[in-house]
Amino acid sequence: MKFKSLKQQIIVIFLTLVLGIQLVGLIPIQRAIDKNVRSLVTKELEVGEKVVLNLLGSNNQNIINGAKILAADYGFREAISSHDQETILSALTNFQSRIRADIAIFQGVDNDTIAVSGDLTEQEAMPVVQHLISQYSASSQTLQFEILNDIPYQLVAVPIKAPIVIGWMVIGFEIDDALAQKINELSGLQVTFIQHVQNKPWNTKVSTLGTDDQRVIQNYFAQASKEVAINREMDVQGELYETKFLVLHDDAENKLIALLQRSITAEISQYQELKFSLLILTILGLGIFSVAIIYVSNYIAKPIARLSENAKQLEFGNYEAAITSDRKDEIGELSKSFNAMREAVATREEKVKRLAFWDEVTGLPNRAAFIQQLEASITSHRNRKLSLTVLVLNLDRFKEVNKILGRDMGDELLSQVAKKIKAEMRADDVVARLGADEYGILLSTLSEDLALLVADKLKKAFELPFDVNEQKIDVSAGFGIAVFPQHGETDEALLHNAETALNVSKQRNSGVVVYHPQFDVGTQENLTMATDLKSAIQAHQLVLYLQPKINMQTKQGYAAEALVRWMHPEKGFIFPDQFIPFAEQTGLIQSITLWMLEEACRVHMALKQEGIPLTIAVNISTRDLIGSDFPEKIEHIFRRHHVTFDAISLEITESSIMDDPVRAEATLQRLAQMGLKIAIDDFGTGYSSLGYLKRLPVQELKIDKSFVMNMANNENDAIIVRSTIDLGHNLNLKVVAEGIENVEAWNLLAKMGCDYGQGYFMGKPMPEKEFQAWLVRWESQSQQIAAETTSSAKKATVHQIK
Amino acid sequence: MIAKLIKFTTLQSLGLVALTLSQLSLAADVTVEVRDSKGKLLSDAVVYVEGSKTANPATNKAFEIEQKGRQFNPQVSVVQAGTQITFPNKDKVRHHVYSFSPAKKFELKLYSGVPANPVLFDKAGTVVLGCNIHDTMLAYIHIVDTPYFAKTSASGVAAITDLPEGSYELKVWHYALQTDNKPAQQAITIKSTNQPVAIQLDINDMKLM
Ligand SMILES: [Cu+2]
């Protein structure tokens, strides 16, 4: 058998046990009752037998005592001695009636005199008297029974002495119902006298039993023939009797037996009541026990069942159901432990959930959460045919912040950035931290135009420095935008494309960039572009442009930065920010750099022959710096073109150095040893340490155009520019300012002592062929600058005072 | 009691003297030894001889059976018919001596001391004496028609003396005799000197009853 619940098990086990014990207990009780009754009945019979024998014995004694009185009577003896028959008989009759005997007989010793009083002839009396006389003993009186004329008698013989025995007197009492009744009263036994005379059947003359019962006993004796056991159980009409046989008389012809009986059935029936109450008690006990055991099993099993139910709830992720138990026992303890476990599991899951979907540093949702949200938003926006924008932004040079200021400050900065973004966004826009220093913003319902506005607003917000542990930190960021559905229809595509746009923004240093399919390496268009770009180098589709780099003190324009343009046969003129990031991603940049160096050498030599000693700066990328054979390649190119190492200089962005500072430094050292001049491009946007800069074999710093262009409006930028110039000079470096767009900027920078300047104010990037013409124009133009400088210098002064 | 015995002996001697005087030359003695059926010597057996020559009635002979300690004494007596017996009561209690025997029926109603008249036993036979007060009191008197009688002593021997020579019937009686209490008898010839006679009686059980 199998039971589903603990409760059932407890109930069944205990009830079975109790029932078993009760049943096992009943068997010996039943046996004990049986044994008890039988031994009791046997004892009662033994006692009864003694009572009967005593009664008969005292009867005997009474008769003897009575007889002795007559036997001692002088007159009676005189009558006997004188053979006075009549007197003798009358005395006997008188005596018989006096003691209520049934028989009185006198017989003389000489056998010549016999007198019988009672229902008996002398002939019938003679043998009985002879028998009794022969059995007589003065010292011990044996009970004598005889059957005379079918009637059982108890008989007593008494000698008559004068003084020697002169005769015998025999007194007889009939065994009748009165005697049986008396026996029954005294002993409590049923008594039956059964006799067997000559060939007549067994006959019950006297009995306390009913006639039907007597007939059963007669039959019993008839069947038992002559075999009469001493004791046995007799079944008399369904009533079981323990029976004792008392043989009163037994000779060849006559038998007289007294049956003493005690009913076992009656005795047991007394116990029946006991057994019944025992049964009632058992049932009652079982009932009470059942209730108790059900209560106990409930008490034990219910909380366990509840725990089990709660455990199931836990399985389904429901941690709400608390278990309250004020019990002090093990189950209470278990409940408490279970509760603690439930809370611990809930807390842990909460944490896991948070870790899975929340970023601990910023408190923003993480990438997974962002993607989930994006997926949901795409579905709902698609249904409503609305656009939605993913804006990702990435902090510039965050790695440097971490390195210089430590991780704690870095984390704090990340947190501040998160706060700033949140502050600028609408409440329902989702802001998340997507990676190390990358944030994602989900702008629902916004089209590309509106998204651009939001991005600009955010970009403006980044112009203010962040307050990190009482330190002001300037952090700029790149922004990438991808709009649903045009830039991608899945969350994956949309986010990927936004990040692609972000990468482009970073490479171009151009703030906010909206995704364009061209950015994507994986697309068919880009594959075409890659093929195109490769062939573009051989097909001479790339064109070198030169932007003049003016010595601000001498105003001479004998230096320039080499820039690349792509004249695509089908697409036409392509700006570098449209293919350089792509080239950097694909590695094509190395080929482009080599082409540039080759082209710069050629241009230098060409101009040299025209009498123009132009120093050309070529930008090199991270990949170039990492490539270990880069210096050899340069050397090879220079030698081929017979160009001296001072004719060409190299420009490296601060961030490209920081990608792998050790290898970058090694490569730069080799290049410097070769005699190449090296400039740090976009200085101020990265976080390279001064110590590190000092170690580098660098001759120039180029201040990023973003500072220079804002210098007039933003005092901070002006301070940065000035301090950068001072710093550069202190390090014995030349300083180059980019983005000079007007004369005021020129004058200010000139005043600050800036060494070189670049910008539209002096000259835009131009093909090699136009450079000579420009140079001529510049020389005349530069003459006017001096005059303008004075006035603009004044303006600048005023500006500064403000 | 010894004095009485002496007295009795003296009386007898007197008779014997008379007898001796008349038939002096013919007188002889005989001893009889009595045993029961098992060969045991019997006391209190009455031994006597009867013959034609012995028919001389005894007159005014006296005898005494006293009651003392609720017993008759002697318990067995033998007397010649015509003997007067007195029953002196030596106890403090009274006795009621009676006999229902055919040889002599009498009763001496409750008395103490010596009754006024002795009782005459004039018929041969056995008289059983009893006391109506005390059932245990019992005595036998055997009355014979001859002067030649004796009673066995504790050693079971009785001697009859001064018996004239001649033929007689020797009779032996004992109260415990079985067959109707009749005496055993046997012919005997008395000479001048006689061998002791041995008699065995049909007695199995020595009971006074
Ligand atoms: Cu007496």
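Predicted model: local features only at pLDDT ≥ 70, side-chain atom pairs only at ≥ 80, totals over all residues.
Strand β18 of chain A, residues 542–551, is joined by eight bridges to strand β19 (residues 559–568) of chain A, and the two run antiparallel. Within this pairing, Leu546(A) stands opposite Ala562(A) of β19(A). The strand β18(A) also pairs with strand β27 (residues 766–767) of chain A, in the antiparallel sense and over two bridges, and here Leu546(A) stands opposite Met766(A). A further antiparallel pairing over two bridges links β18(A) to strand β26 (residues 756–757) of chain A, where Gly757(A) is the bridge partner of Ile550(A). Strand β18(A) is mostly covered, nine of its 10 residues being buried.

Elsewhere in chain A, five strands form an open sheet in the order β2-β1-β5-β4-β3, with antiparallel pairing. Strand β1 (residues 103–108) of chain A is connected to strand β5 (residues 165–174) of chain A by six bridges in an antiparallel arrangement, and Ala104(A) has Ile171(A) in β5(A) as its bridge partner. Helix α2 (residues 74–81) of chain A packs on the sheet, where it touches β1, β4 (151–161) and β5 of chain A, and its direction makes about 85° with that of β4(A). Helix α4 (residues 122–135) of chain A lies across β1, β2, β3, β4 and β5 of chain A, and runs at about 165° to β3(A).

Two packed helices are described by the angle between their axes and the distance between the axes. For helix α1 (residues 6–71) and helix α5 (residues 177–187) of chain A, the packing angle is about 135° and the axes are 9 Å apart, which means that α1(A) is oblique to α5(A). The crossing in which α1(A) passes α5(A) is right-handed. On the side of α1(A), the contact is made by Gly48(A), Val51(A), Val52(A), Leu55(A), Leu56(A) and Asn59(A), which meet Leu179(A), Lys182(A), Ile183(A), Leu186(A) and Ser187(A) in α5(A). The residues of this contact divide into seven nonpolar, three polar and one charged.

Most residues other than glycine have a negative phi, and most peptide bonds are trans. Against this background, Ala162(A) and Pro163(A) are joined by a cis peptide bond with omega of about -15°, and Pro163(A) lies in the loop between β4 and β5 of chain A. A cis peptide bond also joins Phe484(A) and Pro485(A), with omega of about 5°; Pro485(A) is placed in the loop between β16 (477–484) and α13 (491–508) of chain A. His83(A), in the loop between α2 and α3 (85–98) of chain A, has a positive phi near 55° and is partly exposed, with a relative accessible area of 44%. His540(A), which is not a glycine either, has a positive phi of about 55° and is found in the loop between α14 (524–538) and β18 of chain A; with a relative accessibility of 66%, His540(A) counts as exposed.

Chain B contains one helix and 17 strands, and 43% of its 209 residues count as buried.

Conventions. Residues numbered from 1 in each chain as written. Chains lettered and ligands numbered in written order. Heavy atoms only, no water. Axes fitted to C-alpha atoms, helices over the stretch in contact; angles between N-to-C directions. Helix = DSSP H or I, 4+ residues; strand = E, 2+ residues; numbered from the N terminus. Parallel < 35°, antiparallel > 145°, perpendicular 65-115°, else oblique. Left-handed = near helix turned anticlockwise from the far one by under 90°. Contact = heavy atoms within 4.5 Å. Nonpolar A, V, L, I, M, F, W, Y, C, P; charged D, E, K, R; others polar. Buried < 20%, exposed > 50% of the residue type's maximum accessible area, 1.4 Å probe, protein only. Pairing = 2+ DSSP bridges.
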